[in-house]
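User: I'd like to learn how to read features off a structure. Can you take me through some, one at a time?

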Amino acid sequence: MIFDESAVCTPVFCREVTGETPVLLPAAPFTVVLASSGRAAASADSEPVLLAAGGLFLAGGVAVEVTPVTGCHVLAAGFSGTAAQAAAAGLPAPLASDCSACPMAAQLLGELAAAMERGGSAGLSALCYHILCELAAADAAVPRLSPLVADAVLAIRQNYAGLYGVEELSAQLGVSKSHLVRVFSAEMGVGPGQYLTGVRLDAAKALLARRDYPLEVVATLCGFSGANYLCKVFKKHTGQTPAAFRAQNAGAARGGAVNELESALYI
């Protein structure tokens with residue numbers, strides 16, 4: 001074999017943690033724990049770190065214990081290979097962060113869990129490497145947000161497909177629309193409506209690049225009212241139609257990822 005993807009990055013395990021019982025994850029060269037809902041604590045030979053929804057815990061070469069605190073859903077995965085070792089080398093100690101700098105982490109980990117449940121190894125190494133690339137910015141400094149804006153960002157990321165708009169969001173948060181828009185814009189640089197659209201577009205790009213879903217399905221999964229509206233918004237913000245984006249990037253999601261994996265052999 002000329003090139004072995006698994007030497008670069010391969011999954012050691014991928015688990016979903018729910019319920020109330022603590023779970024001890026096996027040691028892996030690089031481990032990620034992501035709380036997608038509720039609250040959980042994560043520890044690796046240290047004091048437990050409380051993770052709220054969207055919270056990340058990264059560790060290298062040690063077993064990690066995950067303890068549910070409130071009704072939660074946690075995705076945890078361990079990786080091996082040269083890319084995983086390089087990622088772990090960048091962690092002087094276990095790192096607690098959130099998904100602000102790596103917004104696609106939850107979706108990619110969900111894809112990995114689904115792929116491993118289906119069985120087979122096709123594409124797993126490329127997907128694992130994609131996850132590590134997404135997590136590369138997890139330690140990036142992010143501005144401290146006010147509780148209102150932090151809650152708004154979290155609500156958008158957790159339910160971008162189901163939110164009808166800023167009116168519904170402001171009602172959920174118990175504030176007026178005008179107040180939310182004013183505070184959100186001041187801290188984030190864009191209004192909540194623009195931010196919501198950006199999150200939806202990122203989700204659409206990921207689906208277009210990695211799946212052959214019909215546009216109507218992509219629109220539904222990402223919160224757009226229909227394929228026509230998706231096309232209109234997508235073209236306005238990217239300069240491309242969804243079909244053109246898919247044609248340009250679908251190969252990159254597979255073959256391009258392999259090229260990245262080949263480069264990673266020389267890290």
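User: Is Gly61 buried, partly exposed or exposed?

Analyst: Start with relative accessibility. Buried means under 20%, exposed means over 50%, and partly exposed is in between. Gly61 has 48% relative accessibility, so Gly61 counts as partly exposed. Keep in mind that this is a predicted model.

User: Where is Gly61 in the chain's layout, and what does Gly61 contact?

Analyst: Gly61 is in the loop between S6 and strand S7 (64-68). For contacts, set aside the neighbours within four places in sequence. Gly61 then contacts Ala27, Ala28, Pro29 and Phe30. Gly61 and Tyr213 are 152 residues apart in sequence, and their C-alpha atoms are 37 Å apart in space.

User: Which residues have the most contacts inside the largest nonpolar core?

Analyst: Those are Phe30, Phe79, Leu112 and Leu135, in a core of 33 residues. Strand S3 (30-37), strand S6 (55-59), strand S8 (73-80), helix H1 (82-89), H2 and helix H3 (124-135) each give at least two residues. H3 gives the largest share, seven residues. A second, separate core has 29 residues, including Ile156, Leu169, Cys222 and Phe245.

User: Now a strand residue. Where is Ser37 found, and what does Ser37 touch?

Analyst: Ser37 is in strand S3. Beyond residues up to four places away in sequence, Ser37 touches Ala53, Gly71, Cys72, His73 and Gln158. Its relative accessibility is 28%, so Ser37 counts as partly exposed. Ser37 and Cys14 are 23 residues apart in sequence and 17 Å apart in space, C-alpha to C-alpha.

User: How do I read a helix pair? At what angle do the axes of H2 and H7 cross?

Analyst: Look at axis distance, angle and handedness. The axes of helix H2 (residues 105-118) and helix H7 (residues 192-210) come within 11 Å. They cross at roughly 30°. The crossing of H2 past H7 is right-handed.

User: Which residues make that contact?

Analyst: H2 brings Gln107, Leu108 and Glu111. H7 brings Ala203, Ala206, Leu207 and Arg210. By type, the residues of this contact are four nonpolar, one polar and two charged.

User: Let me try a helix residue. Is Val218 buried or exposed?

Analyst: Val218 has 0% relative accessibility, so Val218 counts as buried. Val218 sits in helix H8 (residues 215-222). Leaving aside neighbours within four places in sequence, the contacts of Val218 are Ala204, Leu207, Leu208, Tyr213, Leu230 and Arg246. Leu207 also belongs to the H7 side of the contact with H2. As for distance, the C-alpha atoms of Val218 and Ala101 are separated by 24 Å, and the two residues are 117 apart along the chain.

User: And a loop residue: is Phe224 buried or exposed?

Analyst: Check the number. Phe224 is in the loop between H8 and helix H9 (227-238). At 7% relative accessibility, Phe224 counts as buried, because buried means under 20%. Not counting residues up to four places away in sequence, Phe224 touches Arg200, Leu201, Ala219, Tyr229, Leu230 and Val233. Leu230 is also one of the contacts of Val218.

User: Last feature. How many salt bridges does the structure hold?

Analyst: The structure holds one. To call a salt bridge, look for a side-chain nitrogen of Lys or Arg within 4 Å of a carboxyl oxygen of Asp or Glu. Here the side chains of Lys177 and Glu167 meet, at 2.8 Å from N to O.

User: Why does this pair tie together separate parts?

Analyst: Check which element each partner lies in. Lys177 lies in helix H6 (residues 177-188) and Glu167 in helix H5 (residues 166-173), so the pair ties together parts that are 10 residues apart in sequence.

User: What relative accessible area do Lys177 and Glu167 have?

Analyst: Lys177 has 38%, so Lys177 is partly exposed. Glu167 has 47% and is partly exposed.

How values were computed:
Residues are numbered from 1 along each chain as its sequence is written. This is a predicted model: local features need pLDDT of at least 70, side-chain atom pairs count only at pLDDT 80 or more; totals for chains, interfaces and linings use all residues. Side-chain values use heavy atoms; hydrogens and water are left out. Helices (H or I, at least four residues) and strands (E, at least two) are DSSP runs, numbered from the N terminus. Buried means under 20% relative accessible area, exposed over 50%, partly exposed in between (1.4 Å probe, protein chains only). Contact means heavy atoms within 4.5 Å. Axes are lines fitted to C-alpha atoms, for helices over the stretch in contact, and angles run from 0 to 180 degrees between N-to-C directions. A crossing is left-handed if the near helix is turned anticlockwise from the far one by less than a right angle, and right-handed if clockwise. Ala, Val, Leu, Ile, Met, Phe, Trp, Tyr, Cys and Pro count as nonpolar, Asp, Glu, Lys and Arg as charged, and the others, Gly among them, as polar. A nonpolar core is a set of buried Ala, Val, Leu, Ile, Met, Phe, Trp, Tyr and Cys residues joined through side-chain atoms within 4.5 Å.
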